[in-house]
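Visitor: I would like to learn how to read the features of a protein model. Please take them one at a time.

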Amino acid sequence: MANGEILDEYQKVVRELSDSIVAAQRPIRILDALKWDPSIEQLFIKSKYKKLPQIDQEYYLKKNPLSFDPEKKIQEFHEIDRNIRRKLGQYSGVGGIMQRMCYEYCRVVEMLQARGTPRFTEISQELYGSSEDAFHVGAPTLKDLATLVTSTLAKIKDKVKTSADVPSYTSEQAVNILRERLAAYFTDGNTIRVELSDGIIADAAAGADRIKIHDGLKFSAREIRTFEIHEGWVHLGTTLNGMAQPICTFLSKGAPSSTVTQEGLAIITEIFTFSSYPGRVRRLTNRIVAVNMAEEGANFYDVFQFYCEQGMDEEDAYQSTIRVFRGSTPEGGPYTKDLSYSKGFILIYNFMRLAVQRGLVKRIPLLFVGKTTLEDLHILSDLMDEGMITPPRYVPPQFADIAAVSAWMVYSLFLNRLDLRRLALDFKGILQ
């Protein structure tokens with residue numbers, strides 16, 4: 001009984017600290033704070049896509065001011081951090097997760113304060129990474145991945161397209177299709193809203209309880225399927241799983257480190273459900289190229305031209321270029337969040353292979369317990385054993401069945417040891 005009372009008090013303290021983080025981060029809306037006014041696009045069009053947009057630090061302060069006092073917000077997170085240490089101690093696993101979240105949110109606020117300055121990109125690279133980051137000593141970088149994928153996709157261009165790639169569904173039709181599909185996936189009384197929006201850069205975006213579809217566009221069957229998997233199964237799924245946590249409520253909100261894991265998880269789920277396709281992969285790797293160009297000194301017009309050369313019309317090229325320079329300036333460094341998709345995919349895939357190799361397969365579904373990070377999974381596993389977190393309700397079938405995942409990863413471990421260059425020589429007669 002005594003132990004039970006101590007555990008109950010401990011759970012209460014963790015819940016209170018967790019709730020304080022959730023409340024403190026509420027007014028921080030990163031993408032909203034990085035937006036450019038629609039008039040910027042109109043001026044760019046008027047210049048026949050030649051004149052760089054006029055964006056500087058003053059622009060953000062006047063046209064898109066923060067909805068909170070940044071200094072007070074940083075102090076608020078510092079106070080939460082101190083409370084965590086006072087109440088949970090220095091070596092608490094769950095305390096360590098929450099302390100890192102406080103640190104990252106402080107860095108986010110500092111990044112938003114630095115909009116329109118070189119420091120913005122510096123902090124972005126700290127939080128989301130750089131195109132030149134290595135995965136281990138001597139490993140290829142994300143830039144190398146983009147180069148390999150681009151050359152490979154060029155060899156199968158137009159050879160794999162079917163009617164599923166034809167943009168034949170309006171935004172309204174996409175909304176109705178997604179509503180029906182997600183209603184079948186999200187049960188237990190969770191009502192998922194799917195609605196039109198003209199205020200997002202992406203074709204689709206997930207919020208806490210809804211998916212927004214860009215109005216006025218047409219989509220292919222494959223694109224709608226990726227929205228279902230990426231925005232629905234993963235982003236909404238992990239949000240709902242996190243919101244269902246009775247104690248560790250911080251799992252419902254994602255700090256930047258969780259962005260890499262969550263976007264990577266969404267991409268790997270697309271792959272595992274056979275929902276991805278070459279056009280989708282090309283879009284993701286083009287983002288790596290664009291970020292790398294900006295990291296190496298390319299300006300807004302240079303990246304815009306790159307996207308035009310990839311076959312995009314001016315409107316799509318402009319929207320894709322904004323993703324790179326939002327929060328920065330047209331001649332400054334990039335916002336590097338778009339590296340998260342490919343970086344996260346590589347990290348998660350390798351984690352899964354190693355988890356199978358080391359007999360830790362039961363940790364794989366924990367990726368969906370909320371807005372998780374790879375580095376926290378061992379702590380989350382302990383918290384699950386202690387009853388501090390509940391199992392995720394919404395887990396895609398491909399990950400819920402760890403037996404099937406294990407079989408895939410076991411073969412992957414062996415295939416990785418084969419030399420493709422040697423195989424290419426041996427298969428030369430077959431591949432002619």
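Guide: Start with exposure: a residue is called buried under 20% relative accessible area, exposed over 50% and partly exposed in between, with a 1.4 Å probe and protein chains only. Arg222 has 23% relative accessibility, so Arg222 counts as partly exposed. The model is a predicted one, in which local features need pLDDT of at least 70 and side-chain atom pairs count only at pLDDT 80 or more, while totals for chains, interfaces and linings use all residues. Residues are numbered from 1 along each chain as its sequence is written, and side-chain values use heavy atoms, with hydrogens and water left out.

Visitor: What does Arg222 form a salt bridge with?

Guide: The general idea is that side chains of opposite charge can pair when their charged atoms come close. The rule used here asks for a side-chain nitrogen of Lys or Arg within 4 Å of a carboxyl oxygen of Asp or Glu. Arg222 pairs in this way with Asp165, and their closest N and O atoms are 2.8 Å apart. Arg222 lies in helix H10 and Asp165 in the loop between helix H8 (142–155) and strand S1 (169–170), so the bridge ties together parts 57 residues apart in sequence. Helices (H or I, at least four residues) and strands (E, at least two) are DSSP runs, numbered from the N terminus. Asp165 is partly exposed, with a relative accessible area of 21%.

Visitor: How many salt bridges does the count come to?

Guide: The count is 30 salt bridges. One of them joins Glu126 to Arg107, with the closest N and O atoms 2.5 Å apart. This pair links distant parts of the chain, since Glu126 is in helix H7 (residues 118–128) and Arg107 in helix H6 (residues 93–113), 19 residues apart. Glu126 is partly exposed at 40% relative accessible area, whereas Arg107 is buried at 12%. Another bridge is formed by Arg86 and Glu79, at 3.1 Å between the closest N and O atoms. Arg86 is exposed, with a relative accessible area of 55%, and Glu79 is partly exposed, with 33%.

Visitor: How is a pair of aromatic rings described?

Guide: By the distance of the centres and the angle of the planes. Rings of Phe, Tyr and Trp (its six-membered ring) pair if their centres lie within 6.5 Å; planes under 30 degrees apart count as stacked, over 60 as edge-to-face and the rest as tilted. The structure holds 22 aromatic pairs. In one of these, Tyr49 and Phe304 have ring centres 5.4 Å apart and planes at 15°, so the pair is stacked. Tyr49 is in the loop between helix H3 (38–46) and helix H4 (57–63), Phe304 is in helix H13 (residues 300–309), and the two are 255 residues apart. Tyr49 is partly exposed, with a relative accessible area of 21%, while Phe304 is buried, with 1%.

The rings of Phe272 and Phe399 are also stacked, with centres 5.4 Å apart and planes at 15°. Phe272 belongs to helix H11 (residues 256–272) and Phe399 to helix H17 (residues 397–400), so this pair ties together parts 127 residues apart in sequence. Both Phe272 and Phe399 are buried.

Visitor: Which residues do ring pairs link into a cluster?

Guide: The cluster is made of Trp36, Phe44, Tyr49, Phe300, Phe304, Tyr318 and Phe325. Tyr49 has one further feature: a positive phi of about 60°, although Tyr49 is not a glycine. Phe274 is another residue other than glycine with a positive phi, near 55°. Phe274 lies in the loop between H11 and helix H12 (278–295) and is exposed, with a relative accessible area of 72%.

Visitor: Which residue lies over the face of Trp233?

Guide: A charge sits over a ring if NZ of Lys or CZ of Arg is within 6 Å of the ring centre and within 35 degrees of the ring normal. Arg225 lies over the face of Trp233, 5.4 Å from the ring centre. Arg287 is placed over the face of Tyr341, at 5.0 Å from the ring centre.

Visitor: Where is Ser220, and is Ser220 buried or exposed?

Guide: Ser220 is in the loop between strand S5 (218–219) and helix H10 (221–243). Ser220 is buried, with a relative accessible area of 2%.
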